[in-house]
Amino acid sequence: MDKLQVTKELFRIGAIKFGSFQLKSGITSPIYCDLRVLFSYPQLLASVSELMWQCVGDITGEFSHVCGVPYTALPIATCVSVKHDIPMLLRRKEAKSYGTKRMVEGVYDSGSRCVVLEDVVTSGSSVLETVSSLQDVGVAVKHVVAIVDREQGAELTLTNAGLMLHSVLKLSEMVDMLEAEQLITTDTTQMVKQFLSTSQVPSKPQSVQFESYLTRCDLATHPIAKKLFHLMHHKQTNLALSADLVDSRAILELADQVGPHICVLKLHSDIIKDFSIVFTQQLKQLAEKHNFLLMEDRKFADIGNTCKLQLEGGTHRIAEWADMVTAHALPGRSILDVMTNTGVVLVGEMSSEGNLTTLEYAQATAEMAEQHPNKVVGVVSQRKLLKNTGQLHFTPGVRLSGVSSDGKGQQYRTPDHVIGSCGSDIIIVGRGIYEATDPVKAAIQYHTEGYKVYLHRINAS
Ligand code: 5IU
């Protein structure tokens with residue numbers, strides 16, 4: 001079946017009707033489009049599913065899975081899955097009761113790439129719910145295929161979210177075909193087109209997530225966030241190096257070599273066997289020479305008084321040299337009160353397998369971050385959590401394709417997935433660089449790839 005035959009069939013079975021229909025929003029529409037009736041026509045269902053698959057015919061190699069937006073697209077996804085031998089994922093519609101139900105059923109891993117199928121797209125919001133559930137479990141989504149695009153804003157919303165919408169049919173095109181076949185009148189066609197152009201569903205203000213680093217520099221409150229956005233723009237990099245080496249000399253050498261490619265150097269000072277204040281001074285000199293910031297990944301998590309002692313004293317005297325420190329939001333806002341001159345990066349989500357950072361916890365962390373923009377530079381997360389674009393998302397667990405785990409619980413995703421699909425700002429890379437045969441070459445690769453995806457994201461908006 002071709003597009004014309006499908007359109008005529010959809011009209012014949014009443015999946016598309018013309019008249020006067022009251023929508024959920026209260027608006028009266030001259031067209032009604034509900035494809036649920038499709039299940040009663042197996043041949044048509046199979047034909048439509050095939051046309052959907054053909055929409056992404058030349059890029060099917062990019063997908064390992066297919067998933068339908070519940071409920072109408074579930075049988076469609078099943079048809080595609082069976083016909084093309086591509087595993088299906090099932091996204092639950094009901095709310096997750098933590099620890100008992102998975103939101104996404106099926107077999108997948110952090111390297112899985114899924115194409116999402118939907119029957120009719122209007123605003124694109126149902127698609128985004130399914131995409132976000134898939135991304136939450138580490139499945140990458142870039143392409144969405146719909147049978148009918150009502151042309152009421154979905155394309156823009158999905159593009160803003162880093163997705164590409166492919167549709168078998170656009171509603172205006174269907175109306176034109178039906179008119180040409182004399183199945184509807186010219187008046188009806190005009191009425192529908194007029195309705196479509198005046199009833200655009202506004203795109204969610206997600207477009208703000210695509211502001212450039214330079215624009216966001218002006219929106220930042222925290223001086224460290226401002227400085228970071230500024231240097232990311234000027235050095236054209238969103239790469240943070242996690243220099244998890246145990247020898248101070250090796251760290252200094254690596255920092256000097258990859259310094260031109262990074263915006264942040266992240267340390268775990270307590271793993272360095274010969275840590276000294278002289279070392280931190282040398283590191284600071286390199287930070288100035290190459291223009292990057294220093295982050296101590298201390299993950300403070302105690303009561304305010306103890307955190308203050310840990311930040312300022314001990315052998316590490318972190319407050320003297322670190323521009324930023326990581327901290328858990330778990331103890332509450334008192335942890336922020338004691339962090340005076342050092343920028344705080346709150347840990348909203350972790351990358352490790354089976355971690356307990358639920359979406360609710362991550363969102364509460366983001367809320368705390370946003371309530372204290374003069375203390376908090378950003379959050380560590382696996383995706384965009386903040387609405388305040390003057391703060392940043394830092395994402396660890398990043399590796400160029402090929403490695404999805406370290407066998408010790410770390411879960412890796414690609415720069416493209418992290419920056420492009422999940423809306424993060426900075427990729428944190430450790431072993432992908434310092435364990436590479438040529439760390440400088442590897443840093444250049446991460447630098448180039450991370451910034452390329454960022455540019456694509458802002459240009460796509
Ligand atoms: N790190 C994570 N995941 C997290 C958080 C921090 O990997 O959720 I919070 C740290 C641990 C390590 C670095 O220092 O980021 C990642 O190193 P590799 O790229 O070598 O896995």
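Hi everyone. What we have here is a predicted model, with a chain average pLDDT of 91 and 95% of the residues scoring at least 70. One stretch to watch is residues 203-209, where the pLDDT is below 50. In the model, that stretch still has 15 contacts beyond near neighbours in sequence. Where pLDDT is low, the predicted coordinates should not be read in detail.

Let's start with the overall layout. The chain is divided into domain 1, covering 3-198, and domain 2, covering 213-460. Their contact takes 13 residues from domain 1 and 15 residues from domain 2. The C-alpha centres of the two domains lie 38 Å apart. Between them, about 1,000 Å² of area is buried, and carbon and sulfur atoms give 44% of that.

Now for the ligand. Which residues come nearest to it? Out of 16 residues around the ligand, those are Asp244, Ser351, Gln410, Tyr412 and Arg431. Sorted by class, the shell has six nonpolar, five polar and five charged residues.

If you zoom in on the oxygen atoms of the ligand, there are some polar pairs to look at. Gly430 places a polar backbone atom 2.9 Å from a ligand oxygen. From the side chain of His268, an N or O atom is 3.0 Å from an oxygen atom of the ligand. Ser242 also takes part, with a polar side-chain atom 3.1 Å from a ligand oxygen.

And how much of the ligand's accessible area does the protein cover? On its own the ligand has 500 Å² of accessible area, and the protein covers 91% of that.

Key:
Residues are numbered from 1 along each chain as its sequence is written. This is a predicted model: local features need pLDDT of at least 70, side-chain atom pairs count only at pLDDT 80 or more; totals for chains, interfaces and linings use all residues. Side-chain values use heavy atoms; hydrogens and water are left out. pLDDT is the predictor's confidence in each residue, from 0 to 100. Contact means heavy atoms within 4.5 Å. A residue is near a molecule or strand if one of its heavy atoms lies within 4 Å of it. A polar contact is a pair of N or O atoms within 3.5 Å; within protein, one must be able to donate a hydrogen and the other to accept it, and residues adjacent in sequence count only if both atoms are side-chain atoms. Accessible areas come from the Shrake-Rupley method with a 1.4 Å probe; for residues, only the protein chains shown count as cover. Ala, Val, Leu, Ile, Met, Phe, Trp, Tyr, Cys and Pro count as nonpolar, Asp, Glu, Lys and Arg as charged, and the others, Gly among them, as polar. Domain bounds come from an automatic or database domain assignment. Buried area is the accessible area (1.4 Å probe) that two parts lose on being put together, summed over both.
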